[in-house]
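Biologist: I would like the terms checked against their cut-offs. Please take me through the model piece by piece.

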Amino acid sequence: MVQAEQTLQEVLGAFDFGAPVVGAIRYGHGHINDTFVVHTQPEDRCCCRFILQRMSAAAFKRPDQLMENIINVTDYLGRQIQAAGGDRSREAMEVLRPRDGRPYYTDSLGGAWRVYPFVEHTVCRQTADTPELFAASGRAFGRFQRLLKDYPADTLHETIPLFHDTEDRLKKFKAAVEADALGRAKDCQTEIGFVLAREADCSVALDAMRAGKLPLRVTHNDTKLNNVLMDEETGEGVCIIDLDTVMPGLVLYDFGDSIRFGANHSAEDERDLSKVRLDVDLFAAYTAAFLEGVEGALTDAEIAYLPWGAKLMTLECGMRFLTDHLEGDHYFHIAREGHNLDRCRTQFKLVADMEARWTELEAIAAQYRK
Ligand code: ADP
Ligand code: GN1
Ligand code: MG
């Protein structure tokens, strides 16, 4: 993979930031794109910042379609937010086009880059330290779901085909075990067995969808806590970011992925598994807030399946980390050897916790059925 730094200067020259660029440094904790913060120095104001990203070529095969989705979705959200009296520049992402007017810039080595204004006076959190904070993220993701309720789903490109198709993820996982390209499978037999014991689970949401019980909606599909920017003073959610995977999906994907990442007090790559534990109070706080944010837009069946969303997104993500580990870490960024295996283990610990406390999770969701 070509280091993003190799073409950084060329890319900075391709955008008009409205003031001289002082510098650009790596930024954030995303696993997929190469993200930089660009500092500029306007004459009459203090530093003005931008987010510059090289979109992951491993994840996104069609940056043109990806950017078409993002421009259309952010325009749509922007109009809705304005109509509701909100601040478009703070609450919806906005794409800053390169000098040539295209939606993104392709560098001389083929890398695809885009720019967003930096949403200031916000914080991006890696763990949900309090139920209030986690609830604020739930309201924000719920509201996002509601705002996109009538978005024409058939106009969206599938930026990553079969993204949350857990059956397909299982198939790819089995192929990686079978190929065992790096001879790593022998060291992950426990984890491989964990997935194989849950093969049938991988079909639960898809079966319900195929049976007409769960509707397809426009979903974000990557609702980690660090994909929402919170107001630095009030702690409320300001802006949902990382719109790369906004596509048709099931609402339980959005609910579940937030629980997977946020309803515990440890990092996704924590090595001490005794610290990794599902916090049912956080689950309850998020459920209430998410449903408040969607404002009654969900059916009873969708509400009943929320715990499945949590379990499936966690199982699927663990399976994806393990697949990437077996294939040589070509998809998720890693910072150390075995990083994806460590991440896989935290996910499976959380799945086991969810199973152990399943009746409690179902009872929490059931409170909200009409
Ligand atoms: P990835 O797909 O790699 O996760 P993200 O789009 O989530 O990439 O961006 C990575 C990080 O950059 C985010 O977690 C957040 O901290 C920061 N970020 C992204 N966009 C903005 C923005 N417009 N304003 C402020 N921070 C941002
Ligand atoms: C990736 O892009 P980021 O870091 O917010 C991934 C998600 C995973 C997550 C695990 C496009 O999210 O699907 O759940 O890592 N995004 C993509 O932390 O694959
Ligand atoms: Mg992200």
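**Ligands, domains and salt bridges**

Modeller: There are 19 residues around ligand 2, and His31, Lys224, Glu268, Arg320 and Tyr331 come nearest. This is a predicted model, where local features need pLDDT of at least 70 and side-chain atom pairs count only at pLDDT 80 or more, while totals for chains, interfaces and linings use all residues. Residues are numbered from 1 along each chain as its sequence is written, chains are lettered from A and ligands numbered from 1 in the order in which they are written, and side-chain values use heavy atoms, with hydrogens and water left out.

Biologist: What makes a residue count as near a molecule?

Modeller: One of its heavy atoms must lie within 4 Å of the molecule.

Biologist: Why is the pair of tyrosine 331 and ligand 2 called a polar contact?

Modeller: The rule asks for a pair of N or O atoms within 3.5 Å; within protein, one must be able to donate a hydrogen and the other to accept it, and residues adjacent in sequence count only if both atoms are side-chain atoms. A polar side-chain atom of tyrosine 331 lies 2.5 Å from an oxygen atom of ligand 2, so the pair qualifies. Aspartate 222 also uses a polar side-chain atom, 3.1 Å from a ligand 2 oxygen. Histidine 31 uses a polar backbone atom, at 2.8 Å.

Biologist: Which residues come nearest to ligand 1?

Modeller: Asn33, Gln53, Val119, Asn227 and Asp242, out of 18 residues around ligand 1. A polar backbone atom of asparagine 33 is 2.9 Å from a ligand 1 oxygen. Asparagine 227 places a polar side-chain atom 3.0 Å from an oxygen of ligand 1. Isoleucine 32 has a backbone N or O atom 3.3 Å from a ligand 1 oxygen, so this pair passes too.

Biologist: What are the domains?

Modeller: Domain 1 covers 3-120 and domain 2 covers 131-366; the bounds come from an automatic or database domain assignment. Their centres, taken over C-alpha atoms, are 26 Å apart. The contact (heavy atoms within 4.5 Å) takes 27 residues from domain 1 and 29 residues from domain 2.

Biologist: How much area do domain 1 and domain 2 bury between them?

Modeller: About 2,500 Å², with 59% of it on carbon and sulfur atoms. That is accessible area (1.4 Å probe) lost on putting the two parts together, summed over both. On the domain 1 side, His31, Asn69 and Tyr76 lose the most, together 25% of what that side buries.

Biologist: What makes arginine 114 and aspartate 244 a salt bridge?

Modeller: The term needs a side-chain nitrogen of Lys or Arg within 4 Å of a carboxyl oxygen of Asp or Glu. Here the closest N and O atoms are 2.8 Å apart, so the pair meets the rule. Between domain 1 and domain 2 the count is 3 salt bridges. The total by this rule is 32.

Biologist: How do you know that aspartate 75 and arginine 88 qualify?

Modeller: Their closest N and O atoms are 3.7 Å apart, which means the pair falls inside the cut-off. Aspartate 75 is in helix H2 and arginine 88 in helix H3, 13 residues apart. Helices here are DSSP runs (H or I, at least four residues), numbered from the N terminus.

Definitions and conventions: Helix = DSSP H or I, 4+ residues; strand = E, 2+ residues; numbered from the N terminus.
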